[in-house]
Amino acid sequence: MTVITRGVDMVLRLVITIAFAVLVACVVWQVVSRYVLQSPSTVTDEMARFLFIWVALLGGAYTFGQRRHLAIDLLPVITTGILRLLVNVGIIAAIALFAGVVMVYGGLDLVSRTLETQQVSPALRLPMGLVYIAIPFSGLCILYYCLTFLADLFRTGRGPNEQEGTASVGGPLD
């Protein structure tokens, strides 16, 4: 499963990096066109909004997969043994339930409804379903990571909030 996980990580990193680079270019052009050329670009404004949605959702899924998401780990820290295992299984199950029901099921419903009504964006004339597809796609990535966390939990005992190795003394920039 680690080969697949590395592949999923690589694809997410690539998509996020490209989307972020295009997002920055759109915002820079928006500023230049508005303040230097005195003619704001509506296309780059809308594109930046849509790219921000994709970067945020895919970035959240990627961050979760790297075990660097925001977590309140009070219960896993104060429990031991089988109770700690059950708490970690419960955490993974809650995340998987949210990702499956809200993001995948609800996101696919949203995508299908917007595609059925043929809703398009005002400036780019893109079907809004293409913008919203980021929700179920991110949910599927989170579900995949939940499965890998569950397998890792039973194989090594490492919970979804636990980093590999020990923490650095100074911080992330040292």
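Where is the place of Q118? Q118 lies in the loop between α4 and α5 (128-132), where helices (H or I, at least four residues) are DSSP runs numbered from the N terminus. This is a predicted model, so to speak: local features need pLDDT of at least 70, side-chain atom pairs count only at pLDDT 80 or more, and totals for chains, interfaces and linings use all residues. Residues are numbered from 1 along each chain as its sequence is written, and side-chain values use heavy atoms, leaving out hydrogens and water.

Q118 has a positive phi, near 55°, in a residue other than glycine. Q38 isn't a glycine either, yet its phi is positive at about 60°; look for Q38 in the loop between α1 (2-36) and α2 (42-65).

Here is how some side chains sit, with buried meaning under 20% relative accessible area, exposed over 50%, and partly exposed in between (1.4 Å probe, protein chains only).

| Residue | Relative accessible area | Class |
|---|---|---|
| Q38 | 60% | exposed |
| Q118 | 65% | exposed |
| C141 | 7% | buried |
| C146 | 2% | buried |

What about disulfides, meaning pairs of cysteine sulfur atoms within 2.5 Å? A search of the whole structure turns up zero. C141 is in none, and the nearest cysteine sulfur, that of C146, is 11 Å away.

Now the helices. α4 (residues 81-116) and α6 (residues 134-156) pack at about 160°, with axes 8 Å apart; axes are lines fitted to C-alpha atoms over the stretch in contact, and angles run from 0 to 180 degrees between N-to-C directions. That makes α4 roughly antiparallel to α6, a label for angles over 145 degrees.

Key: Disulfide = S-S within 2.5 Å. Helix = DSSP H or I, 4+ residues; strand = E, 2+ residues; numbered from the N terminus. Parallel < 35°, antiparallel > 145°, perpendicular 65-115°, else oblique.
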